[in-house]
Amino acid sequence: MRRFQILSTLMRPLNAALIAIALATVTAGCAVNPATGERDLMLMSAADEKRLGSAEDPKIKARFGGVYQSQAIQDYVTKIGLKLAAFSELPANTFTFTILDSELVNAFALPGGYIYVTRGLIALAASEAELAGVLAHEIGHVTARHSAQRYSKKVVADLGAGLLGAITRDRQLADIAQRGGTLYLRAHSRDQEFQADVLGVRYLARAGYDTQAMARFLARMAANSRFQAQRRGDKDNAARFDVMATHPRTEARVRQARQVAQVTDAASPRIARAEFMKQLEGLVYGGSARHGFQRDRSFIHPDLGFSFDIPPGYTLSNRPTQVIVSKRNQPTIIFDTVHNTGQSPKNYLVTDWGRQLRLTTPETITINGMAAATAAGRTLIDGQLAALRLIAIRFTKDMMARFIVLDKSPLIAADSVELRRTTYSFRRLSPADKATVQPRRITVETVSADADIGQLWRKMRVGDFPQQRFNVLNGVAVGRQINVGDLIKIVR
């Protein structure tokens with residue numbers, strides 16, 4: 001009881017201090033946002049947002065595989081984006097639109113008007129209106145200054161938590177306050193997503209697009225998430241593969257956004273399916289030559305000039321910095337390359353890469369004519385001690401190829417021979433291989449009168465799930481009926 005009274009006494013001046021700080025902050029940083037009509041707390045200026053976006057732009061490009069190398073489709077996306085931006089509350093030249101060379105389905109915005117879409121997202125869309133819906137939503141995040149809002153609220157939350165801890169000298173209390181601020185920010189992100197939908201619908205309508213296209217594309221994204229879960233053997237957890245899982249948006253919420261925006265579609269709103277499909281001709285599907293791709297049971301990297309095989313029953317995830325081979329959603333093999341000059345594979349493995357692991361029996365080996373080294377070790381994974389094996393391969397004089405084989409589950413015990421074969425299958429590509437092995441690309445075809453519509457998926461040249469991939473790409477997974485004369489996407 002005594003301690004509670006002391007704490008209460010200390011809290012009184014704290015409350016007064018927090019109120020004073022809050023009032024001073026509101027007085028200095030509040031302004032009416034022309035996009036939302038709301039008075040926002042802003043501790044970051046528009047110039048600061050631009051500087052932050054400019055600084056982060058090259059990092060985002062590097063993280064997501066760089067810029068997709070097709071000037072024609074880049075110009076097309078920029079044209080759509082600038083058209084929408086012209087109907088926003090900011091000048092159109094505020095915005096920069098970039099296609100990222102990633103097969104992931106993703107789109108996002110940085111402060112200052114930097115907007116990104118992946119080629120994986122473009123491949124999934126069915127019309128210019130659907131792509132415009134994505135861009136309009138991201139423009140809405142920028143015009144509403146959501147990044148600046150989140151920054152400003154975090155500053156206040158951090159200030160309150162720090163002051164609370166300093167006055168009460170109670171670290172636990174400060175931590176609780178800090179977590180409370182974080183939870184508030186996470187809850188607020190739902191509101192920001194809805195607000196971006198409202199603004200996006202507004203910009204779509206002003207530009208003459210079909211505003212219902214935004215909801216149609218969300219349905220496509222949901223179908224793609226279910227397919228990715230099925231492909232990785234995780235049918236009950238589709239949200240794991242859903243880019244919107246952390247920012248929930250549904251078709252119903254988009255319909256609600258249309259009501260809030262109070263927009264009326266044009267008499268003949270722009271959908272532009274044929275114009276959009278024309279842009280997809282030749283678009284890389286899946287991995288690219290620059291980042292590597294899967295072909296049947298092999299991972300092939302033409303630009304770097306190597307390949308290795310994948311065990312039967314395993315799935316591959318090709319990320320910008322590493323390749324992960326998994327079984328039933330459990331990562332089992334992690335592969336990457338690092339710049340390294342001068343060290344032998346064994347010396348690199350023992351003194352550099354694995355120096356903090358409890359390595360045992362390091363040995364020098366040869367893999368397909370290349371000097372290599374391997375050693376067993378143990379490490380903590382999810383709080384549990386797990387066995388692992390490291391393999392370092394001198395691929396070029398300046399590059400080391402690396403495999404980590406994890407053994408944290410009895411699931412892979414029976415596959416140890418196949419996993420060993422994977423690491424020993426690493427090989428150089430010949431010049432002929434580099435020239436002939438190319439990534440898959442989308443072709444656009446018109447359904448002919450003599451086509452077997454129910455068997456069109458058999459044209460897909462993909463290693464796994466050809467029918468499901470066809471259905472997702474062409475909207476069959478969301479109930480679309482394919483008819484004679486329709487344009488369809490085929491992967492060749």
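Which residues does serine 127 touch, not counting residues up to four places away in sequence? The views below come from a predicted model, in which local features need pLDDT of at least 70 and side-chain atom pairs count only at pLDDT 80 or more, while totals for chains, interfaces and linings use all residues. Residues are numbered from 1 along each chain as its sequence is written, and side-chain values use heavy atoms, with hydrogens and water left out.

**View 1. Serine 127 in the loop between α4 and α5.** Serine 127 touches Ile271, Ala272, Arg273 and Phe276, contact meaning heavy atoms within 4.5 Å. Serine 127 is buried, at a relative accessible area of 3% (buried means under 20%, with a 1.4 Å probe and protein chains only). A polar atom of its side chain lies 3.2 Å from the backbone nitrogen of glutamate 130.

**View 2. Helix α8, residues 213–231.** Helices are DSSP runs of H or I with at least four residues, numbered from the N terminus.

**View 3. The largest nonpolar core, with 67 residues.** Such a core is a set of buried Ala, Val, Leu, Ile, Met, Phe, Trp, Tyr and Cys residues joined through side-chain atoms within 4.5 Å. Leu84, Val117, Ile122, Leu131 and Leu135 touch the most other members, and α5 gives the most to this core, with 8 residues.

Note on methods:
Helix = DSSP H or I, 4+ residues; strand = E, 2+ residues; numbered from the N terminus. Buried < 20%, exposed > 50% of the residue type's maximum accessible area, 1.4 Å probe, protein only. Polar contact = N/O pair within 3.5 Å; in protein donor to acceptor, adjacent residues only side chain to side chain. Expected span 1.5 Å × (residues − 1).
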